Amino acid sequence: MKKLSLLVLAFFISSTLSAQTQEAIDRFQFDVDVNYDSSIPSPKDFLGYELGEEYTLHYQVMDYFEELARVSDKITFHEYGKTYENRALNYVVITSSANQRNIEAIQEANFQLANNPGSTQVEEQPVIVWMSYNVHGNEPSGSESAMQTAYRLVAGLDSETTGWLENSVVIIDPMLNPDGRERYVNWYKSSQANILNVNPEDLEHDEIWPGGRTNHYWFDLNRDWVWLIHPESQGRIAVYQEWMPQVHIDFHEQGFNNNYFTMPGTTPRNHELPEAYEYWADVFGRGAIEEFDRAQVNFETRERFDFFYPGYGSSYPSIMGGIGMLAEQGGHSRGGRAVETDDGYVLTLRQRVFDHYKNGVSIVKTSVENRAALLNYFKDARSQSSQKGNTQAYILPNNADDYTYDVINLMLKHNVQVEQATEDFTVRNAFDYWDGNSSTRNFTVGDFIIKTDQPGHLFINTLFRRQLEIRDSVMYDMSTWSIPLAYNLDAAWTTSNVGVSTEMVTESMMHPLGVENNDATYAYTIDWAQRHAPKALAKLWDYGYNVRSSEKGFVKDGIEFSKGSLVILIGRNLHKTGAIHRDMQAIAEYANVEIMGFDTGRMDEGSDLGSPSMEPVHEPKVALMVDSPFNSYTAGQLWFLFDQWTEFGISRIRSSDFDNIDLNSYDVILMPGSWGGLSSVASEDEIEGLKDWVRNGGVLIGTESSGSWLTEERGGIANVKLAETDDEEEGIDPAAYTRYEDREDTVGLRRIPGSAFKGIVDNSHPLAFGMPDRIYSLKFGSDTITPIEGAHNVGYYVKNAEDVLASGYASAQNKRHAAGNAFAVVDEMGQGKVVMLLDNTQYRLFWVGPARFVQNAVMLLPGF
């Protein structure tokens, strides 16, 4: 009887839902006139419901694709990795049965076309088409439509579908971000009502922080195609490099009030690309438009979405020589199963699935119709004939202490050819990234050379140019990403051939590691300038060691140890007598650092190892503030920096719990960028309590806008002020007369869209220990701090407004406002410190030249 009741209830719910969605299902049919192979299950057959009736879980989506591969010889199912939450990352390869039997030869021919374009003929090889879905987890219609698209290709028996598969290989990645999508879908299922509520203000349309857009660490994976910080990107690009498609489309969703966006997009554009790219973007867009016109689907083109930033799924394929494209369906997290738009239209999940399906099918169709031309475009784009500019090579000195090896290893993952000098050499016109000037420069054996005379020149030049051409300064994302600036490398470029004997780098570079004098009797030391020194410190604490940090630095036997270098005195770690030598070796291997043992504490220069300037640094208890009003992206970056790169555990504390936490339980409070700091979640008394906590020895860190909030005129915590805007114009601001149609562009031109500013660093201060004396600081906002004598101005922009911008875009007013003002400040309050880092120090974990600022603030400052 109980089982019967459950069946009746399930039928009632299904019937109710069906009645509310049937109109959409009837209108948005998936090519019902096509004859399908009855032995192959449709998504409806397999799932037990129509696509669009509800959201499909990750395991169900992958089970469907695996079932297609089980019953059909036109599709193969593969895994390319696991997410942080251990979900499988899968893709499928779809083509004709005959092509599947010859798939390795097809893949090899395409690989040769990509890597030896000058000696490869296009002939009759199929075009490679790659379609990516759901990189943003709360744009969920993509994975639903991926199933229907695959079904059409695998099960369709019509001559058109058969012809597509004979002339193409279609790769579908149905869910690029399983962790984020499951977060969204599970939240939605727990919030949805039985009766569809199309009111966008209803609970089921109001996703909670941090949302499902991002991956486990709250990163936007659609910004990671180049940098490969995360396993989702690493595994995907490894397969992408094996296939190198001529066509790629990335399926997204946008706000529910927007109509479907299809190609082409807007400016600014990457002018490194072949001119023909714009033509092909339009051709593919018109292919989708033909389908949309027939189905009366509203759409837009050309007015929004630029593809300037290279880390998108719509731009990375283009700098690899293909046609990279974007599709944006209205819906997003507020779309739910159905939502009412601002003009009274009810947008259903079924339509969102249908629209993406129609576009996906049109992409395959257009690719096959233009197969030979697209293959030739790809061949030309990978050839030297399409290279622009006169740069011959980029040169990176072999410095194992900075991020050079990270960059070299990244290039190898993208199949870039990297050479290493086998002798010293001189370049007569080596251009410096700091000022753009050329000079004669000497390089040494082991330095790295990346020449542009190779198939990946589009990718190389896009990433290594100091400044890409910008014809439109109003952009969707950032305006610079130049690798030497992002990683703060002392690199150069040259317009001359580099005449030096080299050898190819074929294996990943490893940072030097090990212990010198592993039976030391007095102390072990770790130079703090090493790339992974903070990770070593975290492990020392984990092992229970008493550690000191050198305030002044020291020299022994000609080896210089930088300020901040770690000292493990054997006499102060007698509880580790039986394990210390073994532990030092284990820590060196674990953290990829070099450790040096000493039998005496007497140094040749600087402080002795037992000096009072060797400050004890104890493991701090750290609170990272999360949840609204704090930015989930910055919070995720900081969490990742410590949890993954440093492997130092921190506590993530919800802002709503601020009034309940015992501040004295923490040594450090770290605030990501925010909207108004703690003002919206803490009372005046609680803010005063926070100040008392600082005075009693706490370290309060604010990054980006939270750093601005700490200043005197915002949150009133620190005794420093934001610099006032320098308006040279008197009277009425000319912008007041801006035409309505131009106001959006005018506002955009006044902001700083992620630009590199030249920064001077006081690396004698513990906040900057282990850092060089100048960096490139990535700036998004216009806030700066007026330097005062009473605070430590550890980082400030160069004083010349004409010279302050290294790369990207900034208005003359913003450059004047930044010049000479500070972006990294420490204000001492009683026994504690307030740290203001106005620029992101670890942006997307690729702009990491300044990252040591925040590592030092958390790990060293409590001890100084």
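Just after helix α17, residue G544 of this predicted model takes a positive phi of about 90 degrees, where helices (H or I, at least four residues) and strands (E, at least two) are DSSP runs numbered from the N terminus. Helix α17 itself, spanning residues 533-542, is mostly covered, with nine of its ten residues buried; buried here means under 20% relative accessible area, exposed means over 50%, and partly exposed lies in between, as computed with a 1.4 Å probe on protein chains only. The buried residues are A533, P534, K535, A536, L537, A538, K539, L540 and W541. They pack against the strands β19 (523-526) and β23 (566-569) and against the helices α18 (580-591), α19 (632-645) and α24 (852-859), contact being defined as heavy atoms within 4.5 Å.

Residues are numbered from 1 along each chain as its sequence is written, and side-chain values use heavy atoms, with hydrogens and water left out. As the model is predicted, local features need pLDDT of at least 70 and side-chain atom pairs count only at pLDDT 80 or more, whereas totals for chains, interfaces and linings use all residues.

Strand β4 (residues 168-173) is likewise mostly covered, six of its six residues being buried. In a regular strand the side chains alternate between the two faces of the sheet. In β4, S168, V170 and I172 point one way while V169, I171 and D173 point the other way, and all are buried. Strand β2 (residues 88-94) runs antiparallel to β4 and is joined to it by three bridges, two strands being taken to pair if DSSP finds at least two bridges between them; within this pairing, I171 of β4 is the bridge partner of V93. Strand β3 (residues 127-133), by contrast, pairs with β4 in the parallel sense over six bridges, and V127 has S168 of β4 as its bridge partner.

A further sheet is open and consists of seven strands in the order β14-β13-β16-β11-β15-β12-β17, with antiparallel pairing. Strands β14 (438-443) and β17 (502-504) stand at its edges, and because each has a single partner strand, one side of each is left without a neighbour in the sheet. Neighbouring strands of this sheet are turned by 40 degrees against each other on average, direction ignored, with axes taken as lines fitted to C-alpha atoms (for helices over the stretch in contact) and angles otherwise running from 0 to 180 degrees between N-to-C directions. The antiparallel pairing of β13 (residues 425-432) with β14 extends over five bridges, and N442 in β14 is the bridge partner of T426. Helix α14 (residues 404-413) packs on the sheet, where it touches β11 (393-396) and β15 (448-451), and its direction makes about 35 degrees with that of β15. Helix α15 (residues 457-464) lies across β11 and β15 and runs at about 55 degrees to β11.

The largest nonpolar core comprises 220 residues, of which W227, M411, F464, Y487 and F853 touch the most other members; such a core is a set of buried Ala, Val, Leu, Ile, Met, Phe, Trp, Tyr and Cys residues joined through side-chain atoms within 4.5 Å. When residues up to four places away in sequence are not counted, W227 touches Y309, L410, L463, W481, I483, Y487 and F846. Apart from this core lies another, of 31 residues, among them I653, I717, V720 and A791. In soluble globular proteins, nonpolar side chains tend to be buried together.

Several individual positions were also examined. In helix α21 (residues 705-709) lies S708, which counts as buried because its relative accessibility is 2%; leaving aside neighbours within four places in sequence, S708 is in contact with R714, L722, D783 and L838. Residue E469, in the loop between α15 and α16 (483-486), counts as partly exposed at 41% relative accessibility, and, with neighbours within four places in sequence again set aside, E469 is in contact with R269, H271 and F308.

Cis peptide bonds join W209 to P210, with omega about 0 degrees, and M263 to P264, with omega near 0 degrees. P210 lies in the loop between α8 (178-191) and α9 (231-243), and P264 in the loop between β6 (260-261) and α10 (276-295). Although not a glycine, N86 has a positive phi of about 70 degrees, and N86 is exposed, with a relative accessible area of 56%. N488, also not a glycine, has a positive phi of about 55 degrees, but at 15% relative accessibility N488 counts as buried.
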